[in-house]
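Subject: Structure handover

Dear colleague,

Here is the structure I said I would pass on.

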Amino acid sequence: DTDRALVLLEEYCKKLRKPEEQQLKKAIRKVMGIFKSSLFQALLGSFKKKATRHGTTSHSSLPAALACDVLGCPKD
């Protein structure tokens, strides 16, 4: 769940206070921005629909749907 991931990332970012952790904090904030973007949300919705069409609706199937979309899957 993207919203849950964002909450967890935000909580983790709050713990990053040391100077040597600021680069990691910046990278995490960049990922958070991507998760919030309309493009990411649209792609996620597309993959969820594809997973549903393939009969796999669990969250763990989303990476498989992504892999099939990018690499191509054999036809059933």
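The notes below go from the overall fold to individual residues.

Please keep in mind that this is a predicted model. The chain contains 4 helices and 0 strands, and its elements follow the order α-α-α-α from the N terminus. Of the 76 residues in the chain, 17% are buried. The accessible surface is about 6,100 Å², and carbon and sulfur atoms contribute 60% of that. Among contacts with a separation of 6 or more, 23% are between residues 24 or more positions apart.

The largest nonpolar core is made of 5 residues: Leu6, Cys13, Leu16, Ile28 and Met32. Helix H1 (2-15) and helix H2 (22-36) are the elements that each supply two or more residues to this core. Leu6, a member of the core, touches Met32, Phe35 and Lys36 once its neighbours within four places in sequence are set aside.

There is 1 salt bridge in the structure. Its partners are Glu10 and Arg29, whose closest N and O atoms are 3.2 Å apart. Because Glu10 sits in helix H1 and Arg29 in helix H2, the pair ties together parts that are 19 residues apart in sequence. Are these two side chains' residues buried, exposed or in between? Glu10 is partly exposed, at a relative accessible area of 25%. Arg29 is also partly exposed, and its relative accessible area is 38%. Both values fall between the cut-offs of 20% for buried and 50% for exposed.

Best regards

Terms used: Residues are numbered from 1 along each chain as its sequence is written. This is a predicted model: local features need pLDDT of at least 70, side-chain atom pairs count only at pLDDT 80 or more; totals for chains, interfaces and linings use all residues. Side-chain values use heavy atoms; hydrogens and water are left out. A nonpolar core is a set of buried Ala, Val, Leu, Ile, Met, Phe, Trp, Tyr and Cys residues joined through side-chain atoms within 4.5 Å. Buried means under 20% relative accessible area, exposed over 50%, partly exposed in between (1.4 Å probe, protein chains only). Contact means heavy atoms within 4.5 Å. Accessible areas come from the Shrake-Rupley method with a 1.4 Å probe; for residues, only the protein chains shown count as cover. A salt bridge is a side-chain nitrogen of Lys or Arg within 4 Å of a carboxyl oxygen of Asp or Glu.
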